[in-house]
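Biologist: I have a structure open on my screen and would like to learn how to read it. Could you take me through it step by step?

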Amino acid sequence: MIDFKHRQGSHCESSAAASLLAHHGWPLSEAMCFGLAAGLSFSYLPFVKIYGMPLVAYRALPGRIIARLQRRLRLPLQMQQFTSSVAGQVRLDALLAQGQPVGLQACIYWLPYIPENLRFHFNAHNLIVYEQHGDSYTVSDSVFEETHSIARDDLQRARFVRGKLAPKGRLFYLSRDVAAQDVCDQIGPAIKQVAKEMLQPVLPWIGVKGIRFLGKKLRELDEKNSPRDTARLLLHIVRMQEVIGTGGAGFRFLYAAFLQESAQCLQSELLAQKAIELTEIGDDWRQFASELARMAKGRAPLSPRTLQETANHLAAQETRFFRALLALTAQLPGGQQQHADAKDR
Amino acid sequence: MRTTELETLDSTLLSGQRRVVYALNEAGQYQAVHSAGWEPEEQAGLDEVAWFHHLQTECKARIQQGLDSPLRYHMYRLRLDESLLAEAVGLWSWRVKRHLQPKGFAKLSPALRARYAQVLGMQAQDLDSYD
């Protein structure tokens with residue numbers, strides 16, 4: 001029996017990282033984990049199809065958050081994938097027998113404790129398993145208030161599905177306890193990484209350019225598309241924003257929470273101000289979701305022009321916001337030194 | 001978002017679960033609070049559930065007319081589409097497309113049937129039933 005404390009969080013990856021860290025002696029908040037991992041982003045990838053729809057993501061790609069956090073904080077984090085499902089299970093059981101809570105990547109659809117209406121084929125969900133009782137495991141899934149029990153066969157299936165972002169049984173754990181460190185010096189570089197990615201993305205589908213690109217695609221909707229297809233696309237965008245990952249433009253608010261916590265840590269009034277500004281941008285994202293849903297449901301007439309204007313407005317706001325934030329990082333600790341962010345990609 | 005703006009929704013999508021969201025409280029501090037969902041989230045989530053339900057019903061009617069295969073019915077039942085199914089079984093999608101036709105489905109070898117059944121989490125002999 002290990003003494004693992006289940007915590008609920010907003011996003012599966014950042015809160016899995018936070019829970020593991022807390023267990024190993026460093027109670028860092030979920031928002032801090034998300035921020036230090038430079039988790040915020042935007043990407044609109046028309047060639048990556050999910051159920052025939054383009055991928056729209058509001059954060060760094062799956063797996064990035066944990067990997068970046070490990071690098072930023074030099075965590076003793078071990079990550080493993082398996083070609084054989086048997087080996088994956090043996091390794092998990094062995095770690096649990098050592099009293100080690102283990103983070104796992106799994107497909108949401110095959111996790112029986114997830115409510116039926118939320119079960120879709122998304123392969124990059126993160127959860128923590130911390131106990132084994134015969135043929136079942138105790139799961140701490142940060143999306144939910146309670147812990148759950150899962151049968152071995154179900155967990156195996158969820159860990160070894162094939163397809164896009166296939167987990168290949170990926171597991172991660174901290175190999176030893178970590179002492180709490182002072183992260184003040186890391187805040188500036190982490191913010192800089194996000195701001196740069198948003199403003200000067202390597203690819204045109206990412207960052208503020210990606211938001212404009214999404215707007216352009218919405219402008220192209222017209223009567224030629226069947227109303228059902230148009231409605232599906234609009235609701236798909238809402239789904240990617242509101243249902244998958246966090247609710248309510250959550251990543252903007254989660255990052256704002258990080259900025260606020262950082263402001264206290266660094267005693268920076270300017271940074272605290274930025275947290276409030278980002279909150280307002282997040283509210284506008286929520287408006288965007290409402291607008292899309294209203295048009296999809298026929299409660300407002302479909303207006304591609306309005307949608308593009310809203311997207312462009314969001315892009316302009318985020319451009320202004322991240323420029324100011326980038327300028328601000330120069331004044332923060334660690335802001336002056338040249339950071340090896342390029343290697344971090 | 002402010003903590004005061006949280007909606008009290010009786011969410012079908014979340015089935016009584018509450019999410020954690022971050023919002024500003026009255027003191028202007030960020031706080032993790034419970035959310036029971038909000039309307040656009042609810043609409044978008046349930047629309048996708050309804051979409052697969054619709055595909056399933058439509059497919060059933062087509063099978064009865066001999067126009068479609070039960071394999072397609074099971075694909076929709078498991079909320080998969082052609083490309084996801086192809087990736088999951090590890091076959092080229094043109095082959096999967098063929099297997100989804102009544103003719104191609106009838107000609108499936110026992111080995112392939114077993115592979116599909118495994119991926120769909122069912123017994124091979126149940127592949128033919130669709131209700």
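Modeller: Happy to! Let's begin inside chain A, where 21 residues of domain 1 are in contact with 27 residues of domain 2. Keep in mind that this is a predicted model.

Biologist: Which elements of domain 1 of chain A supply at least two residues of the side that touches domain 2 of chain A?

Modeller: Look for α2 (30-36), β1 (40-50), β2 (53-59) and α3 (64-73) of chain A. β1(A) gives the most, with 6 residues. By residue type, this side of domain 1 of chain A divides into 15 nonpolar, 4 polar and 2 charged.

Biologist: Now the overall form. How does the radius of gyration of chain A compare with that of a compact globule?

Modeller: The idea is to set the chain against what its length would give. For 345 residues, a compact globule would have a radius of gyration near 20 Å, and chain A has 21 Å, so the two agree. Along the principal axes, the C-alpha atoms of chain A fill a box of roughly 60 × 50 × 30 Å. Within chain A you can count 11 helices and 8 strands.

Biologist: What share of the residues in chain A is buried?

Modeller: Here a residue is buried if 20 or more other C-beta atoms lie within 10 Å of its own. Buried residues make up 49% of the 345 in chain A. Contacts can also be sorted by separation in sequence: among those in chain A between residues at least 6 apart, 71% join residues at least 24 apart.

Biologist: And the partner chain: how many residues of chain B are in contact with chain A?

Modeller: On chain B there are 37, and they meet 44 residues of chain A. The elements giving two or more residues to this side of chain B are β1 (19-24), β2 (30-35), α1 (39-64) and α3 (82-89) of chain B. α1(B) gives the most, with 10 residues. The side of chain B that touches chain A divides into 19 nonpolar, 10 polar and 8 charged residues.

Biologist: Last, where in chain A does pLDDT stay under 50?

Modeller: Check residues 338-345 of chain A, for which the model has 8 contacts beyond four places in sequence. For chain A as a whole, the mean pLDDT is 91, and 95% of its residues reach 70 or more.

Definitions and conventions. Residues are numbered from 1 along each chain as its sequence is written. Chains are lettered from A and ligands numbered from 1 in the order in which they are written. This is a predicted model: local features need pLDDT of at least 70, side-chain atom pairs count only at pLDDT 80 or more; totals for chains, interfaces and linings use all residues. pLDDT is the predictor's confidence in each residue, from 0 to 100. Two residues are in contact if their C-beta atoms, placed from the backbone, lie within 7 Å. Helices (H or I, at least four residues) and strands (E, at least two) are DSSP runs, numbered from the N terminus. Ala, Val, Leu, Ile, Met, Phe, Trp, Tyr, Cys and Pro count as nonpolar, Asp, Glu, Lys and Arg as charged, and the others, Gly among them, as polar. The radius of gyration is taken over C-alpha atoms; the globule rule is 2.2 Å times the number of residues to the power 0.38. A residue is buried if 20 or more other C-beta atoms lie within 10 Å of its own, exposed if 12 or fewer, and partly exposed in between; C-beta atoms are placed from the backbone.
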